[in-house]
Amino acid sequence: MMWDHQREETLRHALCEAGRHMCRHGLAVGSDGNVSARLDEHHILITPSGVNKGNMRPEHLLVVDLEGEVHRADGPARRPSSEMPMHLEVYRLRPDVGAVIHAHPPMAIACTLAGISLARPVLPEVIYHFGAIPTAPYASPGTPEGAAAIRELIREHDAILLDRHGSLTVGRDVAQALVRLEWVEHVAKILLAAHACGPVDELPPEAVQRLQEQRQRAQGKG
Ligand SMILES: [Zn+2]
């Protein structure tokens, strides 16, 4: 992967746009949430700590290496996001990932509080697009505990919930990580509405298996 000036500029703008989108759609509030993108094998761009994602500017983003050392910080905020260890863990474990978004989608967080699992096979789109959306155990927000909490699940999943805290979605690029975040919140809204009305049944095992086969074929694995 080549890291050139043009690529860096494009990614800086894409990450700012993702931040604005998250705030506009209520998926993060103020300085909540953080976004990052891979520049090359050893470096990423990541949001600084304490900056409002609704009006972040391209120069605010920091260049850090996969050990977390800051290489460039041109904006007023010089410290990377407190959730940086979680982002770095993803880039180290998943060479296929080009972007990571951590957000605070309210309905998805409500599901973790109410014990409504997005990992149960109830919606065909979830099985087809994600396999499942599991929930990582609680970790204190903004501490290195977050990296340990997601370590096992993020190897196999592109979207996970963080218990009582938020979401983590990944993608080949910023757009894919963002649409996966939108999916997570969309699914959470459906499940909250359904659970408010009564018991929610799982799909029959044959239907689940067929969806998993379709998913594997779509990924070129079947
Ligand atoms: Zn958070």
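1. How many helices and strands are there in the protein? There are seven helices and eight strands. Helices (H or I, at least four residues) and strands (E, at least two) are DSSP runs, numbered from the N terminus. The radius of gyration, taken over C-alpha atoms, is 17 Å, close to the 17 Å from the globule rule for 222 residues, so the protein is as compact as a globular protein of that length. That rule is 2.2 Å times the number of residues to the power 0.38.

2. A caution on the source. This is a predicted model: local features need pLDDT of at least 70, side-chain atom pairs count only at pLDDT 80 or more, and totals for chains, interfaces and linings use all residues. Residues are numbered from 1 along each chain as its sequence is written.

3. Now the core. The largest nonpolar core has 59 residues. Helix H6 (residues 174-197) gives the largest share, eight residues. Such a core is a set of buried Ala, Val, Leu, Ile, Met, Phe, Trp, Tyr and Cys residues joined through C-beta atoms within 7 Å. Buried means 20 or more other C-beta atoms within 10 Å of the residue's own, with C-beta atoms placed from the backbone. Buried residues make up 39% of the 222.

4. Ile160 is among the residues with the most contacts inside the core. Beyond neighbours within four places in sequence, Ile160 touches Ile133, Pro134, Thr135, Ala136, Ile150, Leu153, Ile154 and Leu168. Contact means C-beta atoms, placed from the backbone, within 7 Å.

5. Of contacts between residues at least 6 apart in sequence, 64% join residues at least 24 apart.

Methods. Buried ≥ 20, exposed ≤ 12 C-beta atoms within 10 Å, placed from the backbone. Contact = placed C-beta atoms within 7 Å.
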